[in-house]
Amino acid sequence: MSQSFVTHLEAAINGTRLPAGQVHGTHEGRPIWVRYDLDAIRNAVTPDEIAKREPTLWRYRELLPLPFDAEPVSLGEGMSPLLHCPRLGQSLGMSQLYVKDESQLPTGSFKSRGMTAALSLAKHLGITRVALPTAGNAGGGAAAYSARAGIECFVFMPEDTPIVNQMEAYQFGAKVFLVNGLINDCGRLVREGAARMGWFDLSTLKEPYRLEGKKTMGLELAEQLGWHLPDVILYPTGGGTGLVGMHKAFAELRQLGWLKTDKVPRLISCQAEGCAPIARAFDKGERFAELFPNAATVASGLRVPVAVGDFMILDAIRESGGTARTGKEANIAPWMVRSASAEGISICPETAVCFDVLESMLASGEIRPDESVVVFNTGAAQKYLEALPLNLPKVNKDQPIDAILDAIG
Ligand SMILES: Cc1ncc(COP(=O)(O)O)c(C=O)c1O
């Protein structure tokens with residue numbers, strides 16, 4: 001394999017060393033880390049040099065697994081803005097509230113980050129057919145980047161997946177199937193069909209590279225804060241790639257010596273009360289999470305009743321001094337409106353859950369009003385037509401304007 005700074009891959013469950021430059025899925029059914037020669041990276045590039053590069057996540061090329069002579073499969077993803085939210089912060093009684101707005105990425109969600117990395121590596125390693133289960137956004141992202149790569153893509157999604165996710169995956173040319181079950185049922189179909197169909201399984205954390213793409217959320221955040229880190233990060237957790245990826249990013253940056261702070265942000269894993277396997281395992285002090293029965297929430301990205309990387313999520317939360325919490329289902333739609341209308345940022349239901357958790361942790365004193373807090377907005381609200389029931393007033397164009405305005409009040 002041609003040049004990159006990857007030294008090897010490593011089974012997350014038991015540390016087994018695996019060779020780089022080969023197609024890998026899981027090891028003993030569990031995820032695989034990518035490991036880098038961080039000393040060599042420190043000698044090869046500085047943060048100042050990175051700052052002069054194109055504003056896409058590929059600016060962190062040395063910390064990504066694609067060999068330097070390979071062209072990324074890219075749609076120009078990243079860097080997403082880090083937006084100070086004074087009005088929303090004030091309404092919550094705090095001053096340092098920031099949203100990292102991933103809704104502006106290609107396909108309208110943070111899934112682009114994982115998919116640009118995964119499809120770049122898939123293409124480089126000669127894979128021609130991928131399949132994945134999805135709660136929604138990953139299907140659209142995989143379909144778009146597969147189209148960009150010239151790779152065939154098969155998507156299995158629950159039949160109640162938001163219509164926009166169904167539409168985008170189809171529009172990007174994937175073969176899309178609606179399953180009368182949840183994402184884990186879709187995952188089983190992909191696993192069982194893989195051999196016969198020649199599919200490479202692109203499921204969350206069942207190949208090593210989506211995690212590396214998601215890691216760039218942490219790299220970007222640090223760079224945008226001048227290589228400092230916030231006190232607290234709230235992150236909506238389904239399969240957990242983003243949270244685990246960010247934790248890995250901070251550890252790599254620390255080893256590189258690029259951080260100007262010893263601060264470890266408390267990672268707050270936010271789940272919906274209707275599907276909260278990680279929050280439940282965290283409360284019980286367990287390292288592995290049981291399947292959450294009858295998973296149901298309008299925040300479709302959080303409808304993940306069992307995660308193959310559960311122990312990686314729980315390890316990351318605990319190592320950071322964070323916690324795992326649930327937001328109330330009834331508060332999702334109101335929070336989508338409240339946060340979006342306060343700041344003009346298009347907030348997905350998964351992130352609305354984070355705001356509900358933030359409010360309750362401020363009330364309990366677990367987050368102090370003077371702390372710096374970053375909430376990840378992982379997707380665009382307009383992908384969730386079903387999440388926000390509308391009952392807008394109708395206007396009769398034939399009425400005189402005064403009668404119309406009297407009625408509006
Ligand atoms: C908008 C949104 N937020 C959060 C998540 C959960 O992501 P992760 O796998 O990083 O936990 C998803 C996953 O589908 C999603 O679509």
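The largest cavity in this predicted model has a volume of about 50 Å³. Local features need pLDDT of at least 70, side-chain atom pairs count only at pLDDT 80 or more, and totals for chains, interfaces and linings use all residues. Residues are numbered from 1 along each chain as its sequence is written, and side-chain values use heavy atoms, without hydrogens and water.

**Cavities**
- The structure holds three cavities of 30 Å³ or more (a cavity is a set of points on a 1 Å grid over the protein atoms alone where a 1.4 Å probe fits but cannot get out; lining residues have an atom within 4 Å of a point).
- Helix 4 (residues 111–124) gives three residues, the largest share of the lining of the largest cavity (helices are DSSP runs of H or I, at least four residues; strands are runs of E, at least two).
- That lining has nine nonpolar residues, one polar and one charged; among its members are Val-23, His-24, Phe-200 and Glu-207.

**Ligand shell**
- The ligand is surrounded by 17 residues (a heavy atom within 4 Å), and the closest are Asn-137, Tyr-235, Gly-238, Gly-240 and Thr-378.
- Nine residues of this shell are polar, five nonpolar and three charged (Gly counts as polar).

**Ligand contacts and cover**
- The protein covers 98% of the 400 Å² of accessible area that the ligand has on its own (Shrake-Rupley method, 1.4 Å probe).
- Strand 10 (232–236) and helix 9 (241–256) are the elements that give two or more residues to the shell.

How values were computed
1 Å grid on protein atoms, 1.4 Å probe; cavity = no way out; pocket = protein on both sides within 12 Å on 5 of 7 lines; lining within 4 Å. Points joined across faces, edges and corners; volume = space filled by probe spheres on them.
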